[in-house]
Amino acid sequence: MKLHPLTTTATSPRERGREIGTRYAVHVRAASARYLTHFELLGIPADVVRDTTDASHAALRAWAPGLADESDAMAEAAGLETWRLAAVGARTEILTKAPAQGECTTAVFVPPSGGAPETIQTWDWHSTLASDGLLLALTTQAGRRVKLFTEFGTAAKIGVNDAGLGLHFNILSHSADGTTAPGVPVHAIARRVLEEATTVTEARDIAASARVSASTVLTVATFDARDGADAASIEMAPAGVAIVRPAEDGWLIHTNHFLDPGLAA
């Protein structure tokens, strides 16, 4: 994988999207083409891809209009129809129409004796889809500074903000996935957590405010000198949201299965 860094001073989502789409037009177009081909290879009908994309993007616009604007502006600057890039942003929602796929592993250690948490994650994904990644440093309109890693076209995957909150992202699967109307893209939920949350509780509230149609776990870790360290995995599914805390030894490890007993069932 080749990583492409961008530090943007644009605080407007639309301006930021135009900047990314202009500077990395080749990679934005390639990401769209690769995912649309991937969906076809998985046997997902083209009309299902389009309908799921449109409905998920509409859900995003209702829940976080700035992120929808950013995606549309990025597509326009790269010379794409907006839905073709929105399909990458909604890739997890579209993938509910295919057999479940595994992906990442996350590990967090919160020292029981105190100190900052230590975290690590793999991103285990198809090499044909993961040839390029975006390292984006941005400042929100509210002044929050965020650094994140993601694919071209998805809002966020892994990142940290200047409040001392870090986030990891794992795909999950649940029997309720894809049984409801397409919801907010789960990658956009990760982005909004990074832009707005300062605590695990705030991250959980943001996640719970979104209607989802695909399952994901956001593992969030925080640290500051006054309150110390905190961490939790926020498991999301159409069936509900659950919080999983570190074990007594300080470890919190998550792969691609639910840990909350209710959602795991």
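Which residue of strand 6 stands opposite Leu 148? It's Gly 159. What you're looking at is a predicted model, where local features need pLDDT of at least 70, side-chain atom pairs count only at pLDDT 80 or more, and totals for chains, interfaces and linings use all residues. Residues are numbered from 1 along each chain as its sequence is written, and side-chain values use heavy atoms, with hydrogens and water left out.

**A few ground rules**

- Helices (H or I, at least four residues) and strands (E, at least two) are DSSP runs, numbered from the N terminus.
- Two strands pair if DSSP finds at least two bridges between them.
- Strands of a sheet pair through backbone hydrogen bonds, either parallel or antiparallel.

- Eight strands make an open sheet in the order 1-4-5-6-7-8-9-10, and the pairing is mixed.
- Strand 1 (2-7) and strand 10 (240-244) sit at the edges, so to speak: each pairs on one side only.
- From one strand to the next, the twist averages 15°; angles here run from 0 to 180 degrees between N-to-C directions, using axes that are lines fitted to C-alpha atoms (for helices, over the stretch in contact).
- Strand 4 (residues 132-139) pairs with strand 5 (residues 145-150) in the antiparallel sense over six bridges, and Ala 137 stands opposite Lys 147.
- Those two strands form a hairpin with five residues between them, and Gly 143 in the turn has a positive phi of about 95°.
- Strand 5 also pairs with strand 6, antiparallel again, over four bridges.
- Strand 6 (residues 158-161) goes on to pair with strand 7 (residues 165-171) over two bridges, in the antiparallel sense; there, Val 160 stands opposite Gly 166.

- Strand 2 (residues 105-109) is joined to strand 11 by four bridges, with Val 108 opposite Leu 252.

**Helices 7 and 8**

- Helix 7 (residues 186-196) and helix 8 pack at an angle of about 145°, with their axes 9 Å apart.
- Contact means heavy atoms within 4.5 Å, and the residues making it include Ile 189 and Val 193 of helix 7 and Ala 203 and Ile 206 of helix 8.
- Helix 8 (residues 200-208) also lies across strand 8 (216-224), strand 9 (228-237) and strand 10, running at about 15° to strand 9.

**Loop and ring contacts**

- Thr 154 is in the loop between strand 5 and strand 6, and at 6% relative accessibility it counts as buried (buried is under 20% relative accessible area, exposed over 50%, partly exposed in between, with a 1.4 Å probe and protein chains only).
- Leaving aside residues up to four places away in sequence, Thr 154 touches Val 88, Gly 89, Arg 91 and His 187.
- There are four aromatic pairs, counting rings of Phe, Tyr and Trp (its six-membered ring) with centres within 6.5 Å; planes under 30 degrees apart are stacked, over 60 edge-to-face and the rest tilted.
- One of them is Tyr 24 with Phe 152: the ring centres are 5.3 Å apart and the planes at 55°, so the pair is tilted.
- Both Tyr 24 and Phe 152 are buried.
- Phe 109 and Trp 251 form another tilted pair, 5.0 Å centre to centre with 40° between the planes.
- Phe 109 lies in strand 2 and Trp 251 in strand 11, so this pair ties together parts 142 residues apart in sequence.
- Trp 251, at 40% relative accessibility, counts as partly exposed.
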